Structures are given as structure tokens and as C-alpha cells.
Amino acid sequence: MSELLQDPFVQSSVLPLLVGLVLVGVLHLLRRSLAAAGIAAGFLVVFALVIGLPALPPPSSMGKLFWTSAAGLLLGVVADAAGVRGRAASVVLAVWLAASLLWIALPALDSVVAVVTVLVLLATAAWVAFARGSEDAESPTVPAASLLALALAVGGTALIGSSASIAQMALALAASAGGFLLWNWPVERHGWGLSGRVATGIAVLLAAVLALYTQTQAAVLLLALPALLAGRVRRFLPQGDGLIGRAASAAAVTVVAVLPALVAIGAAYALTGGEASPY
């Protein structure tokens, strides 16, 4: 069993999927509005199991990622338990995400490219925090599918760029989001809330670590940003009636969201000259 858990494939897919499924289910039993917190919680559990619990204060960007993600999860749980919604929740999310990005990026701000990269990341963070429909309580499938796509794009790009730890954690986040999606298919059971939006913010923070601290062609992640528009695309998709129709509609939204991620991964692969990662 221990050898199985050491397998990179298990660590970045099967393990986080199972952990995410369990945590979403447990949190649902405790309080339905907290179910989406299982995504970020699953990510943190897998991080601690695979990479280890970082020191505090953290000496590395990945350590900062862990602790700022933990802080974001705590904010999300408190806000969702208290019923914080609307503009107040967006402001809380924006402040946490901007502070986290700057904390992670500060040691790398020694070039114009790094500054531009951070500005792009801050703009993405602002979209995540303030875009209309980002906390759609009626349909958690759309934001969860967008998160799945973004995390998949970061993980695939990092894997091609031989950034193993970032790839594992990004793919683990994607798998954890997949666990949440399974809970909400074919019938949607949960809202998204601030906890779910924090998980999307973690994907942005992973992109920041990848772009600022590795030699990976992280610019291709811009091609994955249309995944954030999945909610607007959904209105053009057939909306079926009944259980089968709703299930098909949710699956179609997920596929549409993931397509830009696949384009970004394909571009990263092409820029490497078609060479496969040693991982």
C-alpha cells in the first residue's frame, strides 16, 4: 500500500479524487453550504501527504502557497458558515488573493517580465473575485468545471516543463475539483460559495509559482483563461429537461470548460519541440 501511495499517478489523481470525495461528503453532512470547502481541504491534505507540512514561516514559494491556501480556506469556511455573500464576499476574496500573490511573488520581482506577469495574475484574480456569476449558488457545475480546467492547464503545463511538484499539486487540485463535480452529477446538490472561489484562487496561485519560479512556458496559460467564461457559454448549450437532460447539460459544460486547458497544454507541448517530460 505504501508503494502504491508513492506512485506519482496515484498522488496526483486517485488519491486527491478519493480525498476530495470524502471531504465534500463529510462537510455536506456537517453543513451543506460548506461542501465546496472540501476541494481546497482535499488539496491541502494531499499537499501535506505528498510534499509534507511546510515550515512556518515558509522558506519557499510552495510553502507560502500551502499556508496562504490554508488561510483562504479558513476565510471561506467562516464566510460560508456566516452566510456572507455578494460584494462583501468578493472583497474578502480579492484582498486574500492579492495579498497572497504579492507575498509569493515579492522575491521574484526583479525584472520587467516578472512585474508584467504579476499584473496579469492580479487581473485574473480580480476577475475571479468580482466577475458576475462567480458565486452562482444554483449551478455549482460551471465554476467547478472552470476550476478543473484551470488546474488541469497548470498541471499539464508544469508536467511538460518538468516542474514535478507544481504539476502534482495542480493535478491534485483538479482531481479534488473532479470529486466535487461527481457529487453534483447528475443532480446538483451544493452551492459554490466563497470556499469554492478560494479553490479557484489556489489555481491562480499555482500559476504564479509556475510562472515566476520555473523556466516553464507559463505564458501558454493565457490560452486557458476562456475556461472562466464557461458560465456564459452555457446559455448557448442545449438545456435538457429531466434527469438525463440535466446530466447531459452538466457534462457538456465541463467539456466546453476543459477545451481551452487542452489547447494551453498542447501549446506548451509544441513549444518544447514535442519532447515528453521525464516525469
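Ala172 is buried, its relative accessible area being 0%, and its place in the predicted model is in helix H8. When residues up to four places away in sequence are not counted, Ala172 touches Gln11, Ser12, Pro16 and Val46.

The overall composition of the model is helical: the protein has eleven helices and zero strands, and, read from the N terminus on, its elements run α-α-α-α-α-α-α-α-α-α-α. Of the 279 residues in the protein, 51% are buried. The protein exposes about 12600 Å², of which carbon and sulfur atoms supply 70%. Among contacts between residues at least 6 apart in sequence, 78% join residues at least 24 apart.

Helix H2, which spans residues 8-30, packs against H3 at an angle of about 135°, with the two axes 8 Å apart. The two helices are therefore oblique to each other, and H2 passes H3 in a right-handed crossing. By residue class, the contact of H2 with H3 divides into 13 nonpolar and four polar residues, with no charged residue.

The axes of H5 (residues 86-105) and H9 (residues 193-213) come within 10 Å and cross at roughly 20°. That angle makes H5 roughly parallel to H9, since angles under 35 degrees are counted in this way. The crossing in which H5 passes H9 is right-handed. On the H5 side the contact is formed by Ala89, Ser90, Val92, Leu93, Trp96, Leu97, Ser100, Leu101, Ile104 and Ala105, which meet a set of H9 residues that includes Leu194, Arg197, Val198, Gly201 and Ile202, and also Val204, Leu205, Ala208, Val209, Leu212 and Tyr213. The residues of the contact of H5 with H9 comprise 17 nonpolar, three polar and one charged.

Between H5 and H6 (residues 112-130), the axes come within 8 Å and cross at roughly 160°. H5 and H6 are therefore roughly antiparallel to each other, and their crossing is right-handed. Here Arg87, Ser90, Val91, Leu93, Ala94, Leu97, Ala98, Leu101, Leu102 and Ala105 in H5 meet Val118, Leu121, Leu122, Ala125, Val128, Ala129 and Phe130 in H6. The contact of H5 with H6 is made up of 15 nonpolar residues, one polar and one charged. Some H5 residues are listed in the contact with H6, among them Ser90, Leu93 and Leu97, and these three are also listed in the contact with H9.

Val92, likewise placed in H5, counts as partly exposed, at 33% relative accessibility. With its neighbours within four places in sequence left aside, Val92 is in contact with Leu75 and Leu194, and Leu194 belongs to the H9 side of the contact of H5 with H9. Val92 and Leu75 are 17 residues apart in sequence, and their C-alpha atoms are 8.1 Å apart in space.

Ile160 and Ala270 are 110 residues apart in sequence, with a C-alpha to C-alpha separation of 10.0 Å in space.

Two cis peptide bonds may be noted in the loops of the model. One joins Leu56 and Pro57, with omega about 5°, and Pro57 lies in the loop between helix H3 (37-50) and helix H4 (61-82). Another joins Trp185 and Pro186, again with omega about 5°, and Pro186 lies in the loop between helix H8 (164-183) and H9.

Note on methods. Residues numbered from 1 in each chain as written. Predicted model: local features only at pLDDT ≥ 70, side-chain atom pairs only at ≥ 80, totals over all residues. Heavy atoms only, no water. Axes fitted to C-alpha atoms, helices over the stretch in contact; angles between N-to-C directions. Helix = DSSP H or I, 4+ residues; strand = E, 2+ residues; numbered from the N terminus. Parallel < 35°, antiparallel > 145°, perpendicular 65-115°, else oblique. Left-handed = near helix turned anticlockwise from the far one by under 90°. Contact = heavy atoms within 4.5 Å. Nonpolar A, V, L, I, M, F, W, Y, C, P; charged D, E, K, R; others polar. Buried < 20%, exposed > 50% of the residue type's maximum accessible area, 1.4 Å probe, protein only. Areas by Shrake-Rupley, 256 points an atom, 1.4 Å probe, with all protein chains shown as cover.
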